[in-house]
Amino acid sequence: MGSEMEAAEDGHIRTGTLWTCTAHAFTAILGSGILSLPWSVAQLGWIMGPFVLVTFAAITYYAAVIFSDCYRSPDPITGRRNRTYIDAVRAILGPTDLLVCSILQYIMLWGTMIGYTITATISAASLKKSTCFHAKGQNASCGVSGNLYMLIFGAIEIILSQCPNLEKITFLSIIASVTSFLYSAIALSLSIAKFSSHLEFKGTFKVANSGTGLPTSTKIWKAFQGLGNIAFAYSYSNILLEIQDTLKSPPHENTVMKKATLYAVGATTLFYISLGCMGYAAYGNDAPGNILAGYYNLFWLVDIANLAVVIHLIGAYQVFSQPLFAVHETWIGTRWPTSFFNTDHTAKLPFIKKYTIRFTLSKLLLRTVFVTFTTAIAMMFPFFTAILGLLGAVSFWPLTVYLPVSMYIVQAKIKRGSSKWILFQILGLSCLIVTLLSAIGSFADILEQMKHAKLFHLQI
């Protein structure tokens, strides 16, 4: 192992670097939600749209930077490690905030896994649908059922879920980062091509002006929803400390995490602004909810983008699931430390005798059951992406802003009533308002989706 690894005081060996950390962070932030950003900008118009994109990038970056100082407490350099978000809340804030944080973080991580299952299924089914359109014409009836693709995605995740922890899936994060860059670049290129075909900046400066023939109230709900989509498209605080816990030291973990956050948020912001604004310029108020759905000519390029979305979500799913696995397995290991199910077993791979696999029966069974149950929920509620929007709206303020800021205030011993304390309160109140507005918009979207949705029926 040598000097390249740190045998930590808790017995956990950390091997992460700035670049592996950046890959994890980039994978966590840049999701397939980028493809809906032109629609979100369309709900807000040319003034508010770009302004909101830049503002929430700055808020996310600042909140993540101060939160990274809470990885160790009470001192950010020499203090005791807080390996998870929940550990930090427990050590710094206390039991009341711990309960709220635990519930919200668990729901958001698990909800994201369900949402990724549905989104990956839609992209996979779109590949078959695209082939049908190419063969029969874009006016052909090419409906595709997503259940088979959902089962295949779940089977792949069951296999990958046996990776021991977040540090051992760095290769997945790197692949996911590359594929997210690929489909984002394709979507941006197609938007530029669409804009070049008419050389006219479409859209309007007004807020809530998209959607021809829609009632004013519906336009307002959609504007709220667009605001929320942008706000929590950047957030990754719910797994920031879990990513930071993969870093070896020296250098200090918070120093490396701040650099990784700068690179990840900076690159993501560049993509978000470029695609959000260019897609809006190309389509105006008619921007589709998924920008790839607006193209029927370059089938092969859209197919590559959809395939890249699927591959990205396969890796991103693990980034969000590994912290959940760790919570369950730590609890089981503490409760029944000598159980046969918690004993390490080794097995040699049949075709690669050089390598062996270490596993426990509890890990094998628990992770398989968890992924299977997640896939079943995704199949049962194919409109869950609308519910995920509501969950994201509700959790944005507490997980991304309130709790990190509160922990930093305690950690840095900022006096109540000081100018810095007042500025933090203003920031928190502003983000709370955004959360409430986007929750209203998301709830209205759920009601609309439920009118047309059917259980166990995902038709693309």
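The following conversation asks how some labels in this predicted model were reached.

Reader: Glad to be here! What should I know about the model before we start?
Author: Welcome! This is a predicted model, where local features need pLDDT of at least 70 and side-chain atom pairs count only at pLDDT 80 or more, while totals for chains, interfaces and linings use all residues. Residues are numbered from 1 along each chain as its sequence is written, and side-chain values use heavy atoms, leaving out hydrogens and water.

Reader: What is T375 in contact with, leaving aside its neighbours within four places in sequence?
Author: M150 and G154. Contact means heavy atoms within 4.5 Å.

Reader: What makes D69 and K258 a salt bridge?
Author: A salt bridge needs a side-chain nitrogen of Lys or Arg within 4 Å of a carboxyl oxygen of Asp or Glu. For D69 and K258, the closest N and O atoms are 3.1 Å apart, so the pair meets the definition. The two link distant parts of the chain, 189 residues apart: D69 is in the loop between α2 and β3 (72-73), and K258 is in helix α9 (residues 253-283).

Reader: How do you know whether D69 and K258 are buried or partly exposed?
Author: D69 has a relative accessible area of 12%, so it is buried. K258 has 26%, so it is partly exposed.

Reader: How do you know that D245 and R83 form a salt bridge too?
Author: Their side chains meet at 2.8 Å, N to O, so this pair also passes the cut-off. D245 lies in the loop between α8 (240-244) and α9, and R83 in the loop between β4 (80-81) and α3 (85-92), 162 residues apart. D245 counts as buried because its relative accessibility is 5%, whereas R83, at 32%, counts as partly exposed.

Reader: What makes D87 and R90 a salt bridge, and where do they lie?
Author: The N to O distance is 2.9 Å, so D87 and R90 qualify as well. Both lie in helix α3, three residues apart, about one turn of the helix. An α-helix has 3.6 residues a turn, so residues three or four places apart point the same way. D87 is partly exposed because its relative accessibility is 25%, and R90 is partly exposed at 46%. Elsewhere, salt bridges that share partners join R14, R83 and D245 into one network.

Reader: How many salt bridges does a search of the whole structure find?
Author: Seven.

Reader: How do you know that the length of helix α6 agrees with what it should span?
Author: The expected span is 1.5 Å times one less than the number of residues. Helix α6 (residues 170-198) has 29 residues, so it should span 42 Å, and its end C-alpha atoms are 43 Å apart, which agrees. Just after α6, L199 takes a positive phi of about 45 degrees.

Reader: Why is M48 called partly exposed?
Author: M48, in helix α2 (residues 37-68), has 34% relative accessibility, so it counts as partly exposed.

Definitions and conventions. Helices (H or I, at least four residues) and strands (E, at least two) are DSSP runs, numbered from the N terminus. Buried means under 20% relative accessible area, exposed over 50%, partly exposed in between (1.4 Å probe, protein chains only).
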